[in-house]
Amino acid sequence: MASILEQYEHEQQTGGGLPSSRQILSDEPIATGYVDFRSDDVQMFRREKINFRPPSSIMDLSVSNSTVIIALNSSVMRLNLMNTEELDKIEVSKKPEDTVYKIFQDPTARHAIICLRSYESLYLARNSKKPKPIPKLKGHLIEAVAWNKTRLNETTTQAILIGTSKGLIFETDLDNEEKFFQAGLEKYCRQLHNVNSGEEDEPITGIMFDKFPRSDRTFIVMVTTQSRLFQFIGEASLSEPPLFVPLFSQFETNPASFLELPSDKLEWSQLVFYYAKARGTPSSFAWLSGPGVYCGGLNFDSTPQDSDSSITLQARLLPYVSADGQSSSPPIALALTQFHVLLLYKDRFEAVCLLNDQVVFQDLLPERHGQMLGMVTDPVKKTIWVFSTGAIFEYHVNKETRHVWKLYLDKGMFEEAEEYARDNPVHTDEVLRRKAENFFNNKQYRPAAATFALTQASFEEVALKFIQVSEQDSLKVFLVKKLNNMDNKDKSQITMITMWLIELYLNELGELRDVGEEKRQDFERVQDDFRKLLATNKVKTSLDESRRTAYELIASHGDVENLIFLAMLMKDFERVIHHHIQHDDYRAALEVLKKQNEPDLYYKFSPVLMQHIPEDTVNAWIEQMKRLDPRKLIPALVYYEQKEDKALIEQAVRYLDFCVEILGVRDQAIHNYLLSLYVKQLDDVSLMRYLQLQGQDRDEVSYDLEYALRLCSEHDLKPACVHIYSTMGLYEEAVDLALLFDVELAKIQASKPDDDEALQKKLWLRIARHVVEKQEDVKK
């Protein structure tokens, strides 16, 4: 024979169609809690025969981390499924009577123990083809091994526990490195406990140990015989081996308690565990006992306080039932998956669902393959292997969780059902509907509303449910959640729900407002919720197209405060400012005006604000710096300037001064208007300061010279007129006018045309003539 498992024979053989009290197949409706597993085309478990013909009868099989070890009479075959070209054929003994009894592999497949029927045991390392004897275990028939999953390495097993056919528990540590002072493979080997304690000897059929995650030293050792299940809990030594001596020593004077089940007609017992992660703690267990499979969960979340504690959860007994509904003989082996107990009988393979205790799969095994011997699970790859004296099969698990959601749902375990239905929207919706109905029937209306909103249930029917029981708060919860879950494309439905919610909140606020102070906190809470709703993006987007309807709805309830809030929220500042002005609250109107960034609103509302709060209005203008166009504010200034209100004119001058001196505005209209205000105020000092700041370069001044001259002339502001004449280059007119009131000013003007000596001479002669004629003093 060239190789083992070099290829798979794809054959599928199932028993199917057998009636059972567990209802393997049934026509009952789903409402009863029964799940029809025929709905999927692909079966949950599929048997595949391995293309292998053993040279002699198979005695045992072990599979760990994709490494298969097959025990024959006096040899073993080892194959790595990841590299099927390499097959190790290992001779165990040359004595015909030394046939292999059992094989034990650690989860990583680094170490293996081979037990012979001659009561000798051998150790086989992964990288070795030569088994080594374990002297200190000679005379003992090993029935079970508990591996040290977390600490073993390539060379040593670390501390492991071994159970024998006489009920003895040993601790040992096997090291495959040869050391000078070490007589054998065992660093040590010590008997820790005898579970039989003088009673009829029963072999140990299963053993496991693990540490509680929240403790450094507390361990549990779980042991089964054919009729008893033990839980040894206590502290282990972390320094000196044997590690489990302290744990078992406490049971020398105080025997451990145990669960006992009758073992009549039981040929063999077995203890198996389900590990979600190979190196983690087990989450469930199953024990093959006389009356049935005793199974349940395991609780490692808390550390037990005493040795009599139990870590089993919701443990129960699954009786053996034959296809015709009668009591059946026990199976010969079992395995455990996350949701199923797998049972191997002499003639069939069955899968029992742990959620409803129903047989969900049955496969009749052909007799031509020989007597069925056992079933093992690869703890790392989670593959399931069944073997007989003449054949090996692998059972493939396909979508084991496919019906889990429905089973949890029928048990009322909604959170679990939702978790396993998440990949199927239809299933998720059914779970959420049932969950919501359950909440509603138990009068838990708010969670019912929140859950209904996640379903595709009829919107109208759900809303009517809460209306009929007068649950306005829950109706609001439903509408808000439904609104949040809607697609933005559903504009009409979003608008409808938004308006309905506004109406509900306004009604509630009105009722609370009428009650008075005693409901003040409730009022503030509801108001806060209402405003948070209005501020959500989805509602704001909806109200962009229906704000008029919302305004009218809020106004019909007389809720001015929330009307203003909504308008501000929608940045409808014009409406808010109008409202404040209509109620003579000009400062509030100005505050709103300052919060927005639209200059047009300043131009629109400044005239009325200038009338009532001119100083504050001008302050607001100044704060805007260059964002406002002063030209567009002139109408607000001109209108009230005509009323000759001194306060208004002073504020107008202050703003125009700011525009000219700080902002550097050169617009002629602004300058002309500022100059006109100086003139009307007859403020010679400010007027002359302004004219001097503008300079006397005709091309650089920002005001209209002719307009300024006419205005100053009309108001008999002679110094200003002299300055303007001089700026216009009309020095003769400037000197003539200055001589009327100030000779010194005339002299200054006569000195200005320095590039025209003839004109200067002419001007100085005029001054001289004026002085002589008016003062008759030739010296002057």
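Predicted model: local features only at pLDDT ≥ 70, side-chain atom pairs only at ≥ 80, totals over all residues.

Trainee: Which residue in S4 stands opposite Val-63?

Mentor: Look across from Val-63 into S4, and the residue standing there is Val-68.

Trainee: Which strands sit at the edges of that sheet?

Mentor: The open sheet has four strands in the order S3-S4-S5-S6, with antiparallel pairing. An edge strand here pairs on one side only, which picks out strand S3 (60-64) and strand S6 (83-91).

Trainee: How many residues of strand S16 are buried?

Mentor: Buried means under 20% relative accessible area, against over 50% for exposed and partly exposed in between (1.4 Å probe, protein chains only). Thr-218, Ile-220, Met-222 and Thr-224 point one way and Phe-219, Val-221 and Val-223 the other way, all of them buried. S16 (residues 218-224) is largely enclosed by the rest of the structure, because the buried count is seven of the seven residues.

Trainee: What is the bridge partner of Met-222 in S17?

Mentor: S16 has antiparallel pairings to look at here: six bridges join strand S15 (residues 206-211) to S16, and seven join S16 to strand S17 (residues 228-235). The S15 to S16 hairpin goes through six residues, while S16 and S17 form a hairpin with three residues between them. In S17, the partner of Met-222 is Gln-231.

Trainee: Moving on to helix H5: which helices are included in what covers its buried residues?

Mentor: Six of the eight residues of H5 (residues 445-452) are buried, so the helix is largely enclosed by the rest of the structure. The buried ones are Tyr-445, Ala-448, Ala-449, Ala-450, Thr-451 and Phe-452. Their cover includes helix H4 (425-441), helix H6 (459-468) and helix H7 (472-485).

Trainee: What volume does the largest cavity have?

Mentor: On a 1 Å grid over the protein atoms alone, a cavity is a set of points where a 1.4 Å probe fits but cannot get out, whereas a pocket is an open set with protein on both sides within 12 Å along at least five of seven lines; lining residues have an atom within 4 Å of a point. The search finds three cavities of 30 Å³ or more. The lining of the largest one includes Thr-67, Ile-69, Arg-78 and His-111. Grid points are joined across faces, edges and corners, and volume is the space filled by probe spheres set on the points; for the largest cavity that is about 40 Å³.

Trainee: And what is the volume of the second largest pocket?

Mentor: Its lining has 22 residues, and those closest to its centre are Gln-314, Gln-338, Leu-354, Leu-355 and Tyr-408. The volume of the second largest pocket is about 600 Å³.

How values were computed: Residues numbered from 1 in each chain as written. Heavy atoms only, no water. Pairing = 2+ DSSP bridges. Helix = DSSP H or I, 4+ residues; strand = E, 2+ residues; numbered from the N terminus. Contact = heavy atoms within 4.5 Å.
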